[in-house]
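Subject: Structure handover

Hello,

Here is the structure we discussed. Please open it alongside this message; my notes follow below.

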Amino acid sequence: MPDGRLRAKGPRRFSLAYPICILLVMGSDVRAVEWADAKVRLIDQTVLPASLEYLDIDDVDGLVEAIQRLAVRGAPALGVAGAFGVVLALQQAERERWSDATLQTMVDRLRNARPTAVNLAAGIDRVRPFIPKGRAAALAEAQALQDEDIRASRAMAAHGATWILTHTPTRPQTAARPENAAPPESATRPEGAARAEGAARAEGAARAEG
């Protein structure tokens, strides 16, 4: 495989040591898989959470390798990656003048990149019938699959948040410590801080119940 096939083009790195970086990631529309600049763009999940890096992939071999080394994982992401992979195969077929047989063989290779990934096969199978209609039609169907997945994910998140807010009682408040008071001695160590926090929560809960 030529060097650089899975190179992260302009990787965006966010150090989780700084809260502002977390807010930037959480506050934006971050997608594990997308079609960008005629490439499949993936978040390289092998480097999370230390950094956020993107892989721009422009051929079937590169996408197969990304799937097999778990750079992309998770059922919905694999389904979308497979759908865009069919478009990628069509594009590569045009570029390298593949025969129809070669194109189908490469799509099969992509489908078998992770045999146990049901969504990967399902995404490919959904877009594959659009191959005779051309790359634009296949891309439109792949993007439709992605849009459906995004809507489903957001609906699930909203439902879960509503359920939690409805069924979870108000979090008990712990007693406030004077502003200039020294922290407990045990809290000066990381493990001690965790124990102190746990004790404070338990004390607050006891007051709430009493």
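**Helix α3 against helix α5**

The axes of helix α3 (residues 75-96) and helix α5 (residues 118-127) come within 7 Å of each other and cross at roughly 35°. Axes here are lines fitted to C-alpha atoms, for helices over the stretch in contact, and angles run from 0 to 180 degrees between N-to-C directions. Helices (H or I, at least four residues) and strands (E, at least two) are DSSP runs, numbered from the N terminus.

This is a predicted model: local features need pLDDT of at least 70, side-chain atom pairs count only at pLDDT 80 or more, and totals for chains, interfaces and linings use all residues. Residues are numbered from 1 along each chain as its sequence is written, and side-chain values use heavy atoms, with hydrogens and water left out.

The α3/α5 crossing is right-handed. On the α3 side, the contact is made by Ala75, Pro76, Leu78, Gly79, Gly82, Ala83 and Val86. They meet Asn119, Leu120, Gly123, Ile124 and Val127 in α5. Contact means heavy atoms within 4.5 Å. By class, the contact of α3 with α5 has eight nonpolar, four polar and no charged residues. Ala, Val, Leu, Ile, Met, Phe, Trp, Tyr, Cys and Pro count as nonpolar, Asp, Glu, Lys and Arg as charged, and the others, Gly among them, as polar.

**More on α3**

The length of α3 checks out. Its 22 residues should span 32 Å at 1.5 Å a residue, and the end C-alpha atoms are 31 Å apart, which agrees. The expected span is 1.5 Å times one less than the number of residues.

α3 is mostly covered, with 17 of its 22 residues buried. Buried means under 20% relative accessible area, exposed over 50%, and partly exposed in between (1.4 Å probe, protein chains only). Gln92 lies in α3. Its relative accessibility is 6%, so Gln92 counts as buried. Leaving aside neighbours within four places in sequence, Gln92 is in contact with Asp59, Val60, Arg97 and Trp98.

Three strands form an open sheet in the order β1-β2-β3, with antiparallel pairing. Two strands pair if DSSP finds at least two bridges between them. β1 and β3 (54-57) stand at the edges with a single partner strand each, so one side of each has no neighbour in the sheet. Neighbouring strands are turned by 25° against each other on average, direction ignored.

Four bridges join β1 (residues 33-36) to β2 (residues 39-43). Four bridges also join β2 to β3. Two rows of partners can be followed across the sheet. In one, Val33 has Leu42 in β2 as its bridge partner, and Leu42 has Leu55 in β3. In the other, Glu34 stands opposite Arg41 in β2, and Arg41 has Asp56 in β3 as its bridge partner.

Four of the five residues of β2 are buried, so β2 is largely enclosed by the rest of the structure. α3 packs on the sheet and touches β1, β2 and β3. The direction of α3 makes about 25° with that of β1.

**Loops to look at**

β1 and β2 form a hairpin with two residues between them. Asp37 is in this loop between β1 and β2. Its phi is near 55°, a positive value in a residue other than glycine. At 59% relative accessibility, Asp37 counts as exposed. Ala38 is in the loop between β1 and β2 too. Ala38 has a positive phi of about 60°, although it is not a glycine. With a relative accessible area of 34%, Ala38 is partly exposed.

Which peptide bond is cis, with omega near 0°? The bond from Leu48 to Pro49. Pro49 is in the loop between β2 and β3.

Best wishes

Key
A crossing is left-handed if the near helix is turned anticlockwise from the far one by less than a right angle, and right-handed if clockwise.
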